[in-house]
Amino acid sequence: MASSMRSLFSDHSRYVESFRRFLSHSTEHQCMQEFMDKKLPGIIARIGDVKSEIKILSIGGGAGEIDLQILSKVQVQFPGVHINNEVVEPSAEQITKYKELVAKTSNLENIKFAWHKETSSEYQNRVMEKKVLQKWDFIHMIQMLYYVKDISATLKFFHGLLATNAKMLIILVSGTSGWDKLWRKYGSRLPQNDLCQYITSSDLTEMLDGLGIKYECYDLLSTMDISDCFLDGNENGDLLLDFLTETCNFTTTAPPDLKAELMKDLQEPEFSIRKEGKILFNNNLSFIVIEA
Ligand SMILES: C[S@@+](CC[C@H](N)C(=O)[O-])C[C@H]1O[C@@H](n2cnc3c(N)ncnc32)[C@H](O)[C@@H]1O
């Protein structure tokens with residue numbers, strides 16, 4: 001690895017911008033919306049049975065867009081029932097955005113929100129000091145387990161917090177996605193950092209099997225339009241390439257042979273398809289539903 005390559009996580013504002021470009025050039029959130037519309041109602045059908053309040057724990061809730069979709073489905077399923085929604089999120093910026101979104105969204109009257117500026121392991125350490133552990137009716141971890149150090153211990157801990165009839169939803173990139181191929185082939189040649197792990201749903205289901213935790217896994221198709229990555233000097237393409245490689249300024253700092261090989265691979269069928277003149281990277285997502 002050339003010494004000039006550095007992790008995208010070392011430049012927070014560039015990371016946030018490249019993530020924003022990823023969201024606007026992928027069907028990531030549309031894919032999640034489809035799952036929330038079609039599958040979630042069945043999954044949460046019994047979480048609030050005979051309960052006066054439904055307790056929801058969001059781990060890594062980000063700016064809250066997906067969290068609010070989940071909450072609206074719970075409201076429909078359990079009309080009028082009070083909801084307590086707590087968010088564990090280490091980024092102050094994300095919490096501010098989440099609060100702004102809540103402030104401008106209507107129909108949230110029966111929902112109480114609380115935000116904890118901490119990581120999942122800080123949350124774990126904090127609540128472990130209490131005598132009685134709070135149980136939850138729905139826990140979700142959406143596109144965030146990459147940032148957790150001991151994933152297996154985290155799964156075990158949060159699984160133990162599920163109340164009767166409760167469910168846990170984890171969303172990660174699928175083991176069939178282009179990410180899996182990219183990380184396997186190039187992971188060791190891209191900047192290493194201890195903030196993010198290359199894991200897919202295949203790794204996660206293996207861990208759940210090892211822990212003896214039952215789950216169901218649904219895969220949905222999603223794509224990321226990476227056409228701009230192949231246009232020289234295109235700012236959007238450069239940011240998308242940074243997101244793909246988790247490298248800050250990949251285009252200008254990657255060794256030429258690595259760049260040439262990766263750019264060629266990104267156009268291969270294991271990574272992407274060509275449709276209507278666009279190059280669409282395989283961003284398939286897995287939705288893993290865990291029972292109490
Ligand atoms: C890719 S974003 C996903 C946000 C949101 N769930 C979504 O899908 O739009 C990952 C989020 O996890 C948060 N995060 C990172 N490390 C975390 C940790 N150790 N515990 C909890 N959240 C974490 C980040 O701050 C970020 O908001």
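Two residues are said to be in contact when heavy atoms of each lie within 4.5 Å. The legends below describe close-up views of a predicted model.

View 1. E28 belongs to helix α2, which spans residues 28–38. Leaving aside residues up to four places away in sequence, E28 touches F22, L23, Q143, S222, N283 and L285. With one of these residues, Q143, the side chain of E28 forms a polar contact, side chain to side chain, at 2.7 Å.

**View 2. A buried charge without a salt bridge.** Is E28 buried or exposed? E28 is buried, yet has no salt bridge.

View 3. The ligand is surrounded by 15 residues, and the closest are H29, G60, E89, S120 and I142. In the side chain of E89, an N or O atom lies 2.5 Å from an oxygen atom of the ligand. A polar backbone atom of S120 is 2.9 Å from a nitrogen atom of the ligand, and a polar backbone atom of I142 is 3.0 Å from a ligand nitrogen atom. On its own the ligand has 600 Å² of accessible area, of which the protein covers 89%.

**View 4. Glu65 in helix α4.** E65 is located in helix α4, residues 65–77. Its relative accessible area is 38%, so E65 is classed as partly exposed. Beyond residues up to four places away in sequence, E65 touches H29 and L101. The C-alpha atoms of E65 and Q33 are separated by 10.0 Å, although the two residues are 32 residues apart along the chain.

Definitions and conventions: Residues are numbered from 1 along each chain as its sequence is written. This is a predicted model: local features need pLDDT of at least 70, side-chain atom pairs count only at pLDDT 80 or more; totals for chains, interfaces and linings use all residues. Side-chain values use heavy atoms; hydrogens and water are left out. Helices (H or I, at least four residues) and strands (E, at least two) are DSSP runs, numbered from the N terminus. Buried means under 20% relative accessible area, exposed over 50%, partly exposed in between (1.4 Å probe, protein chains only). Lys and Arg count as positive and Asp and Glu as negative; His and the chain ends are not counted. A salt bridge is a side-chain nitrogen of Lys or Arg within 4 Å of a carboxyl oxygen of Asp or Glu. A polar contact is a pair of N or O atoms within 3.5 Å; within protein, one must be able to donate a hydrogen and the other to accept it, and residues adjacent in sequence count only if both atoms are side-chain atoms. A residue is near a molecule or strand if one of its heavy atoms lies within 4 Å of it. Accessible areas come from the Shrake-Rupley method with a 1.4 Å probe; for residues, only the protein chains shown count as cover.
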